[in-house]
Amino acid sequence: MPGLVVVGLQYGDEGKGKVVDYYGERAHMVVRYAGGANAGHTLVVNGKKTILRLIPSGILNPDAICVMAQGMVIDPEVFAQEIKTLREAGIKIDGRLFVSDKASLILPIHIEVDQIRELGANKIGTTKKGVGPTYEDKIARRGLKLGDLRDLDAARTKLWNSFYYWTSAYEKQLNNPLMSKQNIVEAAEILLPFLTDTSALINQALCKGKNVLFEGAQGTMLDIDHGTYPYVTSSSAVAGGACTGAGVGPTKINKVVGITKAYTTRVGEGPFPTEITDAFAAELRTKGNEFGSVTGRPRRIGWLDLPDLEYACMVNGVTALAITKLDIFSGLESIQVCYSKGTATDFKTEITEPLQAYETLPGWEEDISLASRFSDLPKNAQRYVECVESYLATPVCLISVGAGRSNTIITRDAFV
Ligand code: IMP
């Protein structure tokens, strides 16, 4: 069976949690390959809201093995908290959750530096979880890998490299920069039982023909290489990041499901060509509950941006589309879709208002949250989906019409 990547095509928050939850039901293994606690996958299972930031959403499927691969950056405190929450909810973790010993360790100093920078004029609007500075340490070859926690004396020596670097840059502003002896012992206690060579584990599963689902975090427009740089996260969020971040060859990825909301949202700074800021945007924000699941920040709102999605489909090699939150459009007289302009990643068209071209499509009145087949949708909702499908020349495999598992329309099998 194939390796399937599920990836966000916009600025994160596309509703990956729900889509991964759906495909995770059929997966033998669910792997997260990038990012850290900057992600927040909101899942509604049996009516109960659960937010996971680090552990793959697949953990809720008792038959799935879950992997946090080496492309990730891991904050031991958040990890410990999630383990606790899941255990309290009666979810079995031991023997089902594996963490790469090559993943990077987030230190308190990374979080503090991230917070300090966000007070400055060049702020990115980060989640302040220490993600950027940890990746900086990794690329500069002074970071700590989780496997370093196996030898605490050596780990403490390595810590100094990072400490010297950041204190020389931010000396006056740092309060409590060094991970204390106590902290590092605790981090080791929490993480060591889960550490292993996860690439071997994943490749074995793929070789045995198992379904392996690679769960993307953030979104294509936040990717370090392909997003709206410098207003991006510091990891490879695109589908290709699954290869480098999890240690599997490109030949092992068979399918890529790209997720887009029916509209667009973004948190943090940076270009957003189809943004709307009027009272209608506020209405859509409330209706769609568009507030960050990690930081609670109100998300910026905009119409669907087809040229950006076309670009995202290209750089991810998307084989099928999942459209989420279509139900939020119910009750609108008309809907706008952006058809033609440069992409948000094109520096020349960073502020693209004059170049934007919108088409207005008719809306629909009906509540669509109980639709279970494509044919149950009102004609204009069908037309909206078909318009996206035909512009992107990519078939839609899933339409989400509500938060619950049951509010889902499957139009084709994404694994085949
Ligand atoms: P960082 O990843 O915390 O460094 O933040 C960099 C940028 O990515 C900021 O604009 C964040 O708001 C954004 N970002 C990071 N993770 C997510 C996510 O999971 N959803 C949406 N935006 C995110």
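**View 1. Cys207 on the outside.** Cys207 counts as exposed because its relative accessibility is 63% (exposed is over 50% relative accessible area, buried under 20% and partly exposed in between, with a 1.4 Å probe and protein chains only). This is a predicted model, in which local features need pLDDT of at least 70 and side-chain atom pairs count only at pLDDT 80 or more, while totals for chains, interfaces and linings use all residues. Residues are numbered from 1 along each chain as its sequence is written, and side-chain values use heavy atoms, leaving out hydrogens and water.

**View 2. Cysteines without partners.** How many disulfides does a search of the whole structure find? The search finds zero, a disulfide being a pair of cysteine sulfur atoms within 2.5 Å. Cys207 has its nearest cysteine sulfur, that of Cys243, 14 Å away. Cys313 is buried, at 9% relative accessible area; its sulfur lies 11 Å from the closest cysteine sulfur, in Cys397, which is too far for a bond.

View 3. Ten strands line up as E9-E7-E5-E2-E10-E1-E11-E16-E19-E20, with mixed pairing. Strands pair if DSSP finds at least two bridges between them; strands (E, at least two residues) and helices (H or I, at least four) are DSSP runs numbered from the N terminus. E9 (195-196) and E20 (408-410) each have a single partner strand, so one side of each is left without a neighbour in the sheet.

**View 4. E16 beside E19.** Strands E16 (residues 320-324) and E19 (residues 396-400) run parallel, paired over three bridges. Here Leu321 stands opposite Val396 in E19.
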